[in-house]
Amino acid sequence: MSRQMEYDCIVIGAGVQGSFTAYQLAKKKKATLLLEQFLLPHTRGSSHGQTRIIRKAYEEDFYTHMMEECYQLWAQLEREAGVKLYRQTGLLVMGPENSQDYQMMKNTLQRNQVPTVILKRDEFSSHIPNVILSDGDAAFVDTTAGVLYADRALRTVQGQFQKLGGVIKDGQKVTDIKPGPVVTVSTSGGVYRAKSVVITAGPWANRLLSHTGLQLPLQVVRINVCYWKEKQPGLYNVKRRFPCFLHTGSKEARDHIYGLPSNEYPGLIKICYHNGSETDPDKRDRQTDRSDIDILRRYITHCFPGLEPEPAVVESCLYTLTPDRHFVLDCHPTHSNIVIGAGFSGHGFKFGPLIGKLLCELSQGEVPSYDLSPFRIRRFQAKMKSAL
Ligand SMILES: Cc1cc2nc3c(=O)[nH]c(=O)nc-3n(C[C@H](O)[C@H](O)[C@H](O)COP(=O)(O)OP(=O)(O)OC[C@H]3O[C@@H](n4cnc5c(N)ncnc54)[C@H](O)[C@@H]3O)c2cc1C
């Protein structure tokens, strides 16, 4: 393809959101270029790792509604590519019975007729052995939930994009964006032009947006991804039907704690704290705060007696948080052919196929298939610094 070629769309950032956006554009027969700063695959953003949770359990109806289509789109990709990307395990939700978070999640599921099993305290341990339900806590299971095979999903969607004629250029860091009716994008390897651009740069979103005169109130935090060893192999194994879990608030922690059954590393279960310490995405390894691990250690001692309360493996990942923890899915306020997908706040993976569809619609000037008002940039008006 010549350097002079004008693409219909350039997508910047080949994480889960950019990869699905590029795939949706290619499905609509749009000439699409997907640019990535690192050589693929890489582990320096937010989309790497073996697993993510997929669930309908949310406090807000709009996420639960969106998940309905997400499950269908994940299944469609599985069929198209002939790979397995999802394993149903159910999601055990625990939390203080009278707390707002717990009640809202339970009510949203019930209101939307999502298959849910309420676990009574006296039957909890026969359903979920080796987990202690704290005093005052209640529990239910979102039976539709499960595990997504994250790395495999990324490989698959990028492969399907290429099969549809899409072009991926990795190892090309975008260094400049010149807005206009035709947008010019410069990288370490070339200069490209397109009718529209989608920025899905994860933790680097504000770096790229600075070329367009916009800054969003985003906070990048490092998450310590901890794996804990079973005292007896198999206690919390996916094959023995141990579910994913989410604790909406506990004595040990203000933010959620979540976990996935032992799967990717034999005998180790992934349990993480849903928050971390602020970092620069290029300097994440210098962020050595481990206070989240202390929280998890205390939590595991109390609630998971079958685990050794010391992490056996610690990896790292980044969240890009918005103040309200809702995503940014919108057109640039002054350049309508630049579209932004950012601030996925540690819960965006499961929505990848639908985010891709919505960002594709925005980039093509189409009416989006969902009400995007919770995700609009104008909600930050007071907090935004304009560099214009
Ligand atoms: C520990 C952890 C657990 C999580 N668990 C869940 C879960 O269970 N369920 C769930 O739904 N979600 C989960 N998430 C959230 C989910 O993984 C993220 O919301 C999602 O991966 C964000 O994807 P992204 O494409 O926006 O960002 P990224 O994956 O970071 O992708 C952005 C890409 O842009 C590239 N880029 C940046 N700047 C440039 C540039 N200048 N030039 C070219 N390329 C550039 C980056 O290199 C990167 O590849 C979790 C996240 C973490 C960290």
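Q: How much space lies in the second largest pocket?
A: Start with the general idea. Rolling a probe the size of a water molecule over the atoms shows where empty space is left. This is a predicted model. Its second largest pocket holds about 430 Å³ of space.

Q: Which residues are closest to the centre of that pocket?
A: The lining has 19 residues. Closest to the centre are Thr89, Ile128, Arg241, Phe242 and Pro243. Two elements each give two or more residues to this lining: strand E4 (86-88) and strand E6 (116-119).

Q: How do the lining residues of the second largest pocket divide by class?
A: Nine are nonpolar, seven are polar and three are charged.

Q: Which polar atom of Lys350 lies 2.8 Å from an oxygen atom of the ligand, side-chain or backbone?
A: For Lys350, it is a side-chain atom. Backbone atoms take part elsewhere. In Val16, a backbone N or O atom lies 3.3 Å from a ligand oxygen. In Gln17, a polar backbone atom is 3.1 Å from an oxygen atom of the ligand.

Q: How much of the ligand does the protein bury?
A: Taken alone, the ligand exposes 1000 Å². The protein buries 96% of that area.

Q: Let's turn to the backbone. Which peptide bond is cis, with omega near -5°?
A: First, the general rule. Most residues other than glycine have a negative phi, and most peptide bonds are trans. Here, the bond from Leu40 to Pro41 is cis. Pro41 sits in the loop between strand E2 (32-35) and strand E3.

Q: What about phi: is that of Asn130 positive or negative?
A: Asn130 has a positive phi of about 70°, although it is not a glycine. Asn130 is in the loop between helix H4 (121-127) and strand E7 (137-142).

Methods:
Residues numbered from 1 in each chain as written. Predicted model: local features only at pLDDT ≥ 70, side-chain atom pairs only at ≥ 80, totals over all residues. Heavy atoms only, no water. 1 Å grid on protein atoms, 1.4 Å probe; cavity = no way out; pocket = protein on both sides within 12 Å on 5 of 7 lines; lining within 4 Å. Points joined across faces, edges and corners; volume = space filled by probe spheres on them. Helix = DSSP H or I, 4+ residues; strand = E, 2+ residues; numbered from the N terminus. Nonpolar A, V, L, I, M, F, W, Y, C, P; charged D, E, K, R; others polar. Polar contact = N/O pair within 3.5 Å; in protein donor to acceptor, adjacent residues only side chain to side chain. Areas by Shrake-Rupley, 256 points an atom, 1.4 Å probe, with all protein chains shown as cover.
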